[in-house]
Amino acid sequence: MADTAARSAELRSSQETNRLAQLRELPALVFLGVIVCALWFREPNFGSSTNLLTTARDMAVVGIMGVGMTMVILTAGIDLSVASVLAFSAAVMGKMMLGGADIWLAVTAALGVGTACGALNALLITRLRIPPIIATLGTMGILRAGVTLYTHAKWIGPLPQRFYFVGTGCTPIILLAFVATACSIFLLRSRPGRYVHAVGGNEEAVRLSGVGVNRTKFIVYALNGLLASVAGLIMASSMSSAQSNMAMGYELNVIAAVVIGGTSIAGGQGSVLGTVIGAAIMAVLYNALILLEIPIYWHKVITGGVILTAVLVDKLRFFKRQ
Amino acid sequence: MISILRSKESAVFVLFLIVFAVFAAQSDRFAAPDNLFNVARQYSELAVVSVGLTMVIITGGIDISVGSVVGLSSILVGVLAGRMGLNIWLACVAAMLAGLACGAINGLVITKLRVQPIVATLAMMSAARGLAFVLTEARSLSGFPDSFVALGQAAIGPVPGLGYIPLSVAIALVLVMLGIVILRRTAFGRGIYAAGSSEEAARLSGVDVFRVKLFAYSFTGLLCGLGGVMMAARLASSVPDAGSGFEFEAITAVVMGGSSLKGGEGNIVGTIIGVAVMGILRNGLNLIGVPNIWQVLFLGVMLILAVLADNLRTMLRSRRELRYPVREEPGVRA
Amino acid sequence: MKSAGKYITAFAVLALLATTFAVGGCARRVEKPEAARRAAESNKSGRRIAFVMKLIGIPYTNACERGMKQAAEELGIDAVFLGPPTGGDTIQQIAIIEDQISRGVDAIIISPNDDQAVKPVIHKALSKGIKVFTWDSDAPESERIFYVAAADDVGIGVEVIDRVAKDIGGKGKVAVMTGSPNALNLKLHVDGVEQGVKKYPGIKLVKPYIYNDDDQQKAIQGAITLLQAHPDLAGFACVNSPGVPGAARALIQTGKQGKVVVWGLSLPSENRDYIKKGIVNGLTLWDPAKLTYLTTKLVNDYLDGKKPVDGMEVPGIGRLKVSPDGIVIMPGAIITKENVDEFDF
């Protein structure tokens with residue numbers, strides 16, 4: 001009985017992902033295309049390699065965190081602590097590097113710290129039944145305070161020269177491509193990945209059919225923490241330092257990217273591809289503001305407008321189908 | 001007596017007593033009435049906003065735009081009165097109406113367009129904050145008439161035994177009581193609990209779920225408008241990033257106070273105790289001279305502890321009820 | 001059994017959290033008795049003052065705190081250094097000031113995030129007999145007793161653009177990098193840049209100005225984007241401390257280091273490497289530790305009844321200029337490749 005229920009959940013989610021994969025991300029992709037073309041036309045400098053690479057880097061940081069957040073949101077959860085996890089893991093890495101440790105050892109430590117933080121979130125949510133928004137709101141504060149105390153509010157840097165390449169040139173975008181592809185494959189083709197969709201769709205049904213809901217959530221939150229620390233590597237390398245206030249407020253940017261990309265906050269529906277497009281849209285918009293010499297304070301209004309538009313477009317499709 | 005201990009607010013009240021005792025022991029200035037009234041003043045806007053947010057959360061929704069709407073309202077007072085020279089009281093009314101409008105928009109988008117509350121209010125949060133920044137080019141505004149500024153610093157009294165009560169605290173208290181009355185005694189209040197517990201059941205028993213939710217969000221928006229006006233008066237200037245972080249603080253207070261994010265449970269008394277805990281925590285740490293970053297840490301820990309305590313209590317109660325079933329009227333207690 | 005396991009995990013986590021509390025509390029209590037004992041031993045006068053900075057947690061503010069602590073120890077008074085954890089937070093800063101008023105300190109010295117918004121709270125403090133001063137950034141329309149700065153706020157902006165102009169040969173495009181739009185000192189520095197640039201008709205200031213909110217990532221991003229928008233950008237004029245390293249990193253990442261001139265207000269300790277390699281041309285600054293040290297001493301003198309006098313010499317600092325409306329200025333420094341190693345702040 002458990003087996004058939006699980007299999008039907010798999011079938012449903014894979015059908016869904018196949019059928020809808022084409023449609024869900026289309027509006028976002030079209031929008032991205034439009035703004036890129038408009039911007040390139042208006043401001044040829046946009047197409048210069050340095051500009052594209054820098055925009056790509058912004059996109060990579062938000063995008064990598066977004067991939068993790070997508071998976072969390074697919075399970076109908078949320079993780080507000082990603083920015084604090086990023087800062088904390090980067091700080092640990094920075095201190096190790098400055099203390100003379102091997103760069104790759106420090107990087108591994110950072111990734112380990114990130115995964116551990118994600119696991120902590122998972123424990124709070126699965127074992128102690130704390131609602132995700134509360135648990136991660138709490139860990140967000142605790143970790144941010146933690147990193148400030150750990151660094152004594154001093155900048156940790158400059159980081160070794162050999163580490164520069166992670167945050168510059170093509171590396172960030174390559175990392176994003178790798179992460180996005182790997183997680184897409186995980187979500188669409190592996191059994192635990194399909195359970196992620198299923199849990200978000202109807203958790204009770206999945207639990208009753210014997211699938212390890214807690215284990216699925218654990219994987220997802222731990223992965224999210226890991227990805228946050230990967231994004232932290234890029235950011236720390238680009239600033240050549242780790243600071244206690246790095247990525248402050250980024251969690252909302254990440255959630256915005258996920259929403260713009262078509263993933264539903266209610267869980268069960270969405271894709272990594274959509275989030276990557278969402279991250280691209282936000283990075284290009286920010287870039288556009290500066291290239292077009294629009295005052296910075298328009299940024300928030302525009303972001304809000306884009307989020308609202310994305311959501312409304314999504315609803316339109318929902319109503320049309322009705 | 002035992003029923004008080006069993007009630008949802010008990011956990012946060014005990015927390016309040018503990019934190020209060022710790023700080024009173026550490027600093028002799030802490031328990032002084034004028035210090036406590038100061039804290040109450042600083043947190044009066046958050047208290048006002050939290051009343052509305054409690055209602056929203058009881059309906060099973062959430063509103064993360066509250067801080068930004070407070071900021072927008074505060075800016076509008078500055079722009080209309082300070083920059084455009086409009087009569088200050090008209091400007092205040094306009095700012096509150098703007099808050100109401102934002103709340104209503106949230107409510108409509110959530111009910112009619114069926115957008116998830118967190119997403120709809122995320123969009124409103126960016127839009128309202130952005131509008132505040134655009135209107136002021138990210139600068140603060142001042143130049144309010146003295147009568148307005150005086151109101152921000154005004155106090156009522158003297159009240160025997162307590163001294164002067166700041167006006168903003170009095171306003172907050174009035175709104176808290178209004179909120180309690182709405183939740184406990186009106187049909188809207190019962191509808192809010194019903195809609196939160198089970199939308200289907202509520203609808204079947206004749207509750208207009210849409211109207212109830214729209215009311216909750218709109219009322220919250222209006223309260224945010226009021227909060228923005230109060231803040232402008234207290235600071236004698238409009239700051240574009242007024243209220244930033246409010247949403248998280250308010251949610252923390254509401255959850256600490258015993259409301260469940262799934263909806264159907266909660267009350268304003270608990271929320272206000274939660275606000276009080278946050279206030280004395282920050283104040284106490286400042287008085288002792290502890291770096292402000294510790295507050296963030298303690299708040300995070302307390303939030304998780306409060307939820308844990310609540311979970312444990314629910315677990316204990318359900319175990320006890322399995323053995324001794326108790327008939328109890330669900331949830332309706334403000 | 002399942003529920004037993006849950007209880008155990010719950011109690012384990014509770015214990016962990018309780019330990020955090022305890023450790024946090026102990027850490028506090030360990031520093032407190034240490035500091036308190038030292039303060040108590042040396043605090044013969046029982047005098048207490050509080051500095052409330054725009055924010056805490058960047059090298060500039062850490063340096064300020066060092067200067068304050070040194071002066072406090074020498075004078076035997078109790079001084080605390082406070083501020084909101086993030087930049088530009090006016091409301092939290094005001095709450096902190098109000099709490100210090102409750103504490104009943106003898107003097108409060110503020111570097112306001114918003115010079116208008118602090119007027120009521122300054123008034124409140126004065127009405128309770130607490131003396132209020134400003135340092136680092138002023139609130140000129142308030143009732144503060146005096147303001148201690150290391151430069152004429154406008155003049156230092158002029159200085160920065162003059163230096164940039166000299167190094168780019170008097171013509172070209174220059175980008176302006178600043179912190180938050182509300183801090184008065186930054187506004188005045190930018191005013192200085194705008195005034196000073198009028199002398200050079202060949203120089204054009206690029207819009208928009210970059211507001212980095214004291215966040216280095218924003219500084220880098222903003223600088224890079226401007227470099228894209230204006231490939232012929234000749235120089236950066238930075239008026240807040242994260243701006244200079246931000247511009248430097250942006251130049252390194254776009255491969256333009258050495259080709260674009262960078263001058264600004266920043267700390268030598270943050271920029272030593274960049275200055276030596278020629279990526280940053282130079283800094284105009286003052287030692288924030290010395291500035292805060294001086295302020296502490298002047299405040300203490302004032303509480304003893306001695307006001308600052310124009311032309312007075314302060315050992316270790318130099319000669320002060322004091323204007324009639326209460327502005328005290330201490331000498332600053334120009335820091336370049338030649339002398340960067342002399343400074344350790």
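Student: Which elements of chain C have the lowest and the highest mean pLDDT?

Tutor: This is a predicted model, and among the elements of chain C the lowest mean pLDDT, 50, belongs to helix 1 (residues 2-42), while the highest, 95, belongs to strand 3 (residues 107-110). For chain C as a whole the average is 81, with 86% of the residues scoring at least 70.

Student: Why does the radius of gyration of chain A agree with that of a compact globule?

Tutor: A compact globule with 322 residues would have a radius of gyration near 20 Å, and chain A has 20 Å, which is why the two agree. Along its principal axes the C-alpha trace of chain A spans about 60 × 45 × 30 Å, and buried residues make up 59% of the chain's 322 residues. As for its elements, chain A has 13 helices and zero strands. Among its contacts between residues at least 6 apart in sequence, 81% join residues at least 24 apart.

Student: Why is Ile307(A) called buried?

Tutor: The cut-off for a buried residue is 20 or more other C-beta atoms within 10 Å of its own, and Ile307(A) has 26 within that distance, so it counts as buried. Ile307(A) is found in helix 13 of chain A. Leaving aside neighbours within four places in sequence, its contacts include Ala256(A), Val259(A) and Ile260(A), as well as Leu122(B), Ala123(B) and Ser126(B). The C-alpha atoms of Ile307(A) and Val259(A) are separated by 6.9 Å, although these residues are 48 places apart along the chain.

Student: How many residues of chain A and of chain B are in contact with each other, and what makes up the side of chain A that touches chain B?

Tutor: 36 residues of chain A are in contact with 34 residues of chain B. Helix 6 (132-150), helix 11 (250-260) and helix 13 (298-321) of chain A are the elements that each give two or more residues to that side, and the largest share, 14 residues, comes from helix 6. By class, this side of chain A divides into 24 nonpolar, eight polar and four charged residues.

Student: What does the contact between chain A and chain C consist of?

Tutor: Here 29 residues of chain A are in contact with 29 residues of chain C. Helix 3 (49-74), helix 10 (213-239) and helix 12 (272-291) of chain A each give two or more residues to the side that touches chain C, with helix 3 providing the largest share, four residues. That side of chain A has twelve nonpolar, 13 polar and four charged residues.

Student: Why is helix 7 of chain C described as largely enclosed by the rest of the structure?

Tutor: 14 of the 14 residues of helix 7 of chain C are buried, and therefore the helix is described as largely enclosed. Helix 7 (residues 216-229) reaches 20 Å from its first C-alpha to its last, close to the 20 Å expected at 1.5 Å a residue. One of its residues is Ile220(C), which has 30 other C-beta atoms within 10 Å and is buried. Not counting residues up to four places away in sequence, Ile220(C) touches Ser238(A), Met239(A), Gly246(C), Arg249(C) and Ala250(C).

Technical notes:
Residues numbered from 1 in each chain as written. Chains lettered and ligands numbered in written order. Predicted model: local features only at pLDDT ≥ 70, side-chain atom pairs only at ≥ 80, totals over all residues. Contact = placed C-beta atoms within 7 Å. Nonpolar A, V, L, I, M, F, W, Y, C, P; charged D, E, K, R; others polar. Buried ≥ 20, exposed ≤ 12 C-beta atoms within 10 Å, placed from the backbone. Rg over C-alpha atoms; globule rule 2.2 N^0.38 Å. Expected span 1.5 Å × (residues − 1). pLDDT = per-residue confidence, 0-100.
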